[in-house]
Amino acid sequence: MLNKIILKEIDTNIDLLDAELLGIEELDKSSVNFRIRIKTEPLKQYEIRRKLLKEIKVAFDKNDIVIPYSQVVIHNA
């Protein structure tokens, strides 16, 4: 599902040489960590990484996928 939602849409928005979803790397309390391998032009990896993360967030928002986060509730007595 992630491959269809994200990588195909990203290919048109970011100048990637190649992108491959390798799979789920880790299941954590508040996250599912994916490993994605991308190929870019030399010295563009940091710029492309930032753009890729932004496009992933936009794709998640479009498909109503919420990123969970930990919360601490403090009660005053």
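**View 1. At 30% relative accessibility, Glu47 counts as partly exposed.** The model shown is predicted. The side chain of Glu47 meets that of Lys51 in a salt bridge, with 2.9 Å from N to O. Lys51 has a relative accessible area of 38% and is also partly exposed. Helix α2 (residues 45-62) holds both Glu47 and Lys51, and the two are 4 residues apart, about one turn of the helix.

**View 2. Asp61 and Lys57 form a salt bridge.** The closest N and O atoms of this pair are 2.7 Å apart. Asp61 and Lys57 both belong to helix α2, where they are separated by 4 residues, about one turn of the helix. Relative accessibility is 42% for Asp61, which counts as partly exposed. Lys57, at 39%, counts as partly exposed too.

**View 3. A salt bridge joins Arg35 to Glu25.** Here the closest N and O atoms lie 3.1 Å apart. Arg35 is in strand β2 (residues 32-39) and Glu25 is in strand β1 (residues 18-27), so the pair ties together parts that are 10 residues apart in sequence. Arg35 is partly exposed at 44% relative accessibility, and Glu25 is partly exposed at 46%. Side chains of opposite charge can pair when their charged atoms come close.

**View 4. The whole protein has 2 helices and 2 strands.** Along the sequence, these elements follow the pattern α-β-β-α. The structure contains 4 salt bridges, among them Arg35 with Glu25. Of the 77 residues, 18% count as buried. The protein exposes about 6500 Å², and 51% of this area comes from carbon and sulfur atoms.

Key:
Residues are numbered from 1 along each chain as its sequence is written. This is a predicted model: local features need pLDDT of at least 70, side-chain atom pairs count only at pLDDT 80 or more; totals for chains, interfaces and linings use all residues. Side-chain values use heavy atoms; hydrogens and water are left out. Buried means under 20% relative accessible area, exposed over 50%, partly exposed in between (1.4 Å probe, protein chains only). Accessible areas come from the Shrake-Rupley method with a 1.4 Å probe; for residues, only the protein chains shown count as cover.
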